Number of protein chains: 2
Amino acid sequence: MPQPIPIIGGTGALGYGLAVRWARVGQPVVIGSREAGRAEEAADRVRAEVDDAEVEGHENDEAATKGPIVFLTVPFRAQSETLTNLKEALSAGQLLVDATVPIAAAVSGRATRTLGVWQGSAAQQAAEMVPEGVTVISAMHSVSAPRLSSQDELDEDVLVCGERKADKARVAKLIEQIPGLRAVNAGSLEMARIVETLTPMLISINTRYKSHAGVKITNLPNGDHWA
Amino acid sequence: MPQPIPIIGGTGALGYGLAVRWARVGQPVVIGSREAGRAEEAADRVRAEVDDAEVEGHENDEAATKGPIVFLTVPFRAQSETLTNLKEALSAGQLLVDATVPIAAAVSGRATRTLGVWQGSAAQQAAEMVPEGVTVISAMHSVSAPRLSSQDELDEDVLVCGERKADKARVAKLIEQIPGLRAVNAGSLEMARIVETLTPMLISINTRYKSHAGVKITNLPNGDHWA
């Protein structure tokens with residue numbers, strides 16, 4: 001039996017899209033929200049979209065205890081507060097997959113610009129805030145949330161940053177359960193400084209092409225990098 | 001008759017690779033170097049590789065006068081000095097295509113890290129330094145120089161940043177002369193802050209995959225954006 005994937009902020013577009021995609025392939029998910037009622041309502045929507053979906057809705061702190069690899073998909077404005085609230089919920093040995101993008105829109109700036117985060121990136125801020133023994137992996141910035149929530153076939157890459165390949169491989173395995181997504185090892189956690197900025201770059205492209213663009217890394221060798 | 005493309009720093013790996021690719025499709029190029037002798041030697045190498053190549057070698061300042069769209073492919077360490085030396089050579093109406101990446105390796109740091117450039121990006125530094133009436137476009141950061149110099153077939157994108165679409169379209173036309181390269185409009189010149197960091201991201205990926213990776217933007221609409 002696969003273990004459930006908690007998605008903190010799972011009522012938002014990115015988190016909800018992930019929940020639906022995983023539900024479709026039979027992967028259990030737990031949607032977290034600040035309010036249990038909204039989480040349950042989102043879980044109902046997933047069940048309405050996907051027959052036999054294994055999905056629950058809970059308050060964030062309860063959701064965070066439900067699986068070994070927790071996805072964090074809240075807006076940057078809420079990232080720090082959410083992590084403070086999860087201090088008691090997260091426990092040593094868990095992986096936290098941070099998808100936060102510090103776009104300037106968080107403080108009424110442009111969505112094509114980023115804010116400077118003191119630690120270097122939102123993921124590094126997360127790494128500073130999680131309880132000891134929790135490992136932060138950075139991923140899922142460049143996949144269009146509307147596209148993820150749609151019926152469209154995907155064919156793009158997810159760049160994964162983190163200190164240890166073994167941890168990244170566990171996250172890659174979950175990402176690659178979703179048909180059309182390939183997880184690419186982009187290096188250590190500090191590379192999130194760059195990878196997080198792919199989102200505003202794609203937003204800039206999207207305004208010009210009226211698209212929901214993603215990214216693919218070309219010319220990688222064949223074979224499973226994560227095996 | 002197509003007008004020649006001056007490549008400042010054309011003896012380096014990226015500039016030389018561009019020269020060879022353009023020469024193969026019959027596009028005249030002018031290789032610039034600090035020393036005329038090295039430029040001529042690089043031009044000889046292009047001619048040895050490509051029959052009937054239309055290629056000349058000149059000192060940078062002379063090369064810069066030879067065509068309306070000038071490519072700048074020097075290392076970051078040399079960018080500012082090169083632009084100072086070109087102040088008399090460049091003239092109003094020209095486009096300068098800046099490919100500079102401010103990697104920390106320029107000051108003995110890591111190639112997976114960038115330096116903070118006061119103006120925000122190397123391209124914006126270039127825009128501050130060029131003579132009045134010269135327009136800077138930022139492009140060509142993510143194409144592997146060794147791959148460009150090789151016989152390999154290319155299949156990747158070049159992200160192009162600049163203020164006016166009409167200027168970017170002129171540059172795109174030159175880039176897309178090279179088989180396998182597509183020019184993607186990444187937005188205004190300030191987006192170079194992000195696009196320039198694709199290089200260290202790809203370097204990080206390359207160390208893990210032993211690859212010469214590039215980037216492709218997925219899910220753009222069909223049709224010629226530049227037409």
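Modeller: Let me start with a term: contact means heavy atoms within 4.5 Å. This is a predicted model, where local features need pLDDT of at least 70, side-chain atom pairs count only at pLDDT 80 or more, and totals for chains, interfaces and linings use all residues. Residues are numbered from 1 along each chain as its sequence is written, and side-chain values use heavy atoms, with hydrogens and water left out.

Colleague: Thanks! Which residues is Ala42(A) in contact with, leaving aside its neighbours within four places in sequence?

Modeller: Those are Thr11(A), Tyr16(A) and Ile31(A). Ala42(A) itself sits in helix H2, residues 36-49 of chain A; helices (H or I, at least four residues) and strands (E, at least two) are DSSP runs, numbered from the N terminus.

Colleague: Why is Ala42(A) called buried?

Modeller: Buried means under 20% relative accessible area, exposed over 50%, and partly exposed in between, with a 1.4 Å probe and protein chains only. Ala42(A) has 0%, so it counts as buried. Across chain A, buried residues make up 61% of the 227 residues.

Colleague: How do you know that the radius of gyration of chain A agrees with a compact globule?

Modeller: The radius is taken over C-alpha atoms, and the globule rule is 2.2 Å times the number of residues to the power 0.38. For 227 residues a compact globule would come near 17 Å; chain A has 16 Å, so the two agree. Its C-alpha atoms fill a box of roughly 40 × 35 × 35 Å, taken along the principal axes.

Colleague: And what makes up the secondary structure of chain A?

Modeller: Nine helices and nine strands.

Key
Chains lettered and ligands numbered in written order.
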